[in-house]
Amino acid sequence: MRSSSSSKSSQNVVVLGATGSIGCSTLDVIRASKGAFTPFALTAHGRLDDLLKAAIKYQPKYIVASDDAAAQAFDWSQLPPETTLLTGTAGLQEVAAHSEADIIVSAIVGRAGLEGTFAAIAAGKRVALANKETLVVAGHLATKLAQESGAEILPVDSEHSAIFQALMAGSETDVRKVILTASGGPFRKFTQQQLLKVTADEALDHPTWKMGPKITVDSATMMNKALELIEAKWLFNLKVDQIDVVVHPQSIIHSIVEFVDGSMVAQMSPPDMRMPIQLAMTYPERTECPARKLDLTTAFSLEFEPPDYERFPALKLGKEVAERGGTCGAVLNAANEVAVQQFLEGKIRFVDIYRVCRHLLDEHPFESNPELTRLLELDAWAREESIKWITCCLRQAKDQACSNT
Ligand SMILES: NC(=O)C1=CN([C@@H]2O[C@H](COP(=O)(O)OP(=O)(O)OC[C@H]3O[C@@H](n4cnc5c(N)ncnc54)[C@H](OP(=O)(O)O)[C@@H]3O)[C@@H](O)[C@H]2O)C=CC1
Ligand SMILES: CC(=O)[C@@H](O)[C@H](O)COP(=O)(O)O
Ligand SMILES: [Mn+2]
């Protein structure tokens, strides 16, 4: 990773996914930066009202409405004259690679974040990476491309920012292992029987973090930690058996690095994403931050417990997919995105999310060293197959119920 930021007085920031949870926190960081950062381009997909409001407030040079059809149907008459509207995936790629852009905050959710992130990496930018799916789907390609282009990929994900910060205190070559902390989600204490009946509203009620719906459900299944394990492997060039997970319900210690001498360095702060977002933008400097601060004079305790792989089997998929590599990440990610959406729509049960992912991983035509185009083909294939499998299972369940009446 390069270790210097630009010497310009204000850095131009592109926020891919500006209307989401990370996007809004990024705008908060920019607002508090007293001119150190300028919003250069903001992108959105469905929430075009919010994008227009942000354009009026921040007057960026560009906005991108990535859903072409929605962009055509929207009334842009209030758009400030100094802001240019771009649309579609091409628009995302254009702003991510723009010669005047310094920092690209990659905060689109899911596989949809890949094109913009890859464009930024190819253009040798500083990428503040929240979109962990880029590394889950194509970690081998993204890291190789960054080495070639000189792009910096700096973690925004709280656990990976914590590891990054712990490594600022010690040498990467002296690491024995990293320990990712997991809140355990809203169902940490639920029995397998209870998990059969949980609703989308319950899954969306995260105990410590306020995030978008997809990652919130991932936290509840603990698929988020599986994805983060793969993310950690690529970001820090780790062997899979160097990555552990521990449940820490308070989400104050964001992760831990254990060095070869047994010393552990942990990073702690309240659960507030503005701190890791800002650090990815200001590194190697640290500056005043609008994030909440810990008050150690208030009594609180920090608990740790081992994860339960039986009740949260999605966690096991992280190690399996990180070890097998190749096409597995793309297939796992696509199956999970479809299954989470189906669960949110009330079409499948919470426990079926893992079943869909397991089935697709078992069925897919594995390749060990795929190119990006092949990964995107497999992403499309896995989405279609997931829907077919879900529909088939639902039909069978209905027939079974009918024959029992
Ligand atoms: N939220 C958090 O605290 C954390 C999030 N992350 C990661 O950051 C990423 C964003 O998460 P979060 O902010 O919670 O998600 P949100 O759902 O809150 O926001 C997602 C953003 O992506 C945009 N988007 C959605 N679909 C598309 C698409 N098809 N094409 C282009 N843009 C799209 C949305 O636009 P619109 O709203 O206009 O539809 C929105 O701006 C995820 O990868 C997540 O795993 C990582 C760590 C913590
Ligand atoms: C804020 C952040 O980084 C999330 O990825 C968070 O870690 C999710 O919480 P879980 O620990 O419950 O997955
Ligand atoms: Mn995280």
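## Basis and confidence

The model is predicted: local features need pLDDT of at least 70, side-chain atom pairs count only at pLDDT 80 or more, and totals for chains, interfaces and linings use all residues. Residues are numbered from 1 along each chain as its sequence is written, while chains are lettered from A and ligands numbered from 1 in the order in which they are written.

The chain has a mean pLDDT (the predictor's confidence in each residue, from 0 to 100) of 96, and 98% of its residues reach 70 or more. Over residues 1–5, pLDDT stays under 50. For the complex, the predictor gives an ipTM of 0.99 and a pTM of 0.97.

## The seven-stranded sheet

Helices (H or I, at least four residues) and strands (E, at least two) are DSSP runs numbered from the N terminus. Two strands pair if DSSP finds at least two bridges between them. Seven strands form an open sheet with parallel pairing, in the order E4-E3-E2-E1-E5-E6-E7. At its edges are strand E4 (84–87) and strand E7 (152–155), each pairing on one side only. From one strand to the next, the twist averages 20°; axes are lines fitted to C-alpha atoms, for helices over the stretch in contact, and angles run from 0 to 180 degrees between N-to-C directions.

Strand E6 (residues 126–129) is joined to E7 by four bridges, and alanine 128 has leucine 154 in E7 as its bridge partner. Helix H5 (residues 114–122) packs on this sheet, touching strands E1, E5, E6 and E7; contact requires C-beta atoms, placed from the backbone, within 7 Å. The direction of H5 makes about 155° with that of E5.

## The four-stranded sheet

A second open sheet has the order E9-E8-E10-E11 and mixed pairing. E9 and strand E11 (264–268) each have a single partner strand, so one side of each is left without a neighbour in the sheet.

Five bridges pair strand E8 (residues 175–182) with strand E10 (residues 253–259) in the antiparallel sense, and isoleucine 179 stands opposite isoleucine 256 in E10. Helix H7 (residues 158–168) packs on the sheet, touching E8, E10 and E11, with its direction at about 40° to that of E10.

## Helix H13

In helix H13 (residues 314–324), the buried residues (20 or more other C-beta atoms within 10 Å of their own, C-beta atoms being placed from the backbone) are Ala314, Leu315, Leu317, Gly318, Val321 and Ala322. Because they cover an arc of only 150° around the axis, they lie on the same side of H13; the arc is that of the directions from the helix axis to the C-beta atoms. Their packing partners are helix H10 (213–221), helix H11 (223–236), strand E9 (243–247), helix H14 (328–344) and helix H15 (352–363). Glycine 325, with a positive phi near 65°, follows H13.

Terms used:
Contact = placed C-beta atoms within 7 Å. Buried ≥ 20, exposed ≤ 12 C-beta atoms within 10 Å, placed from the backbone.
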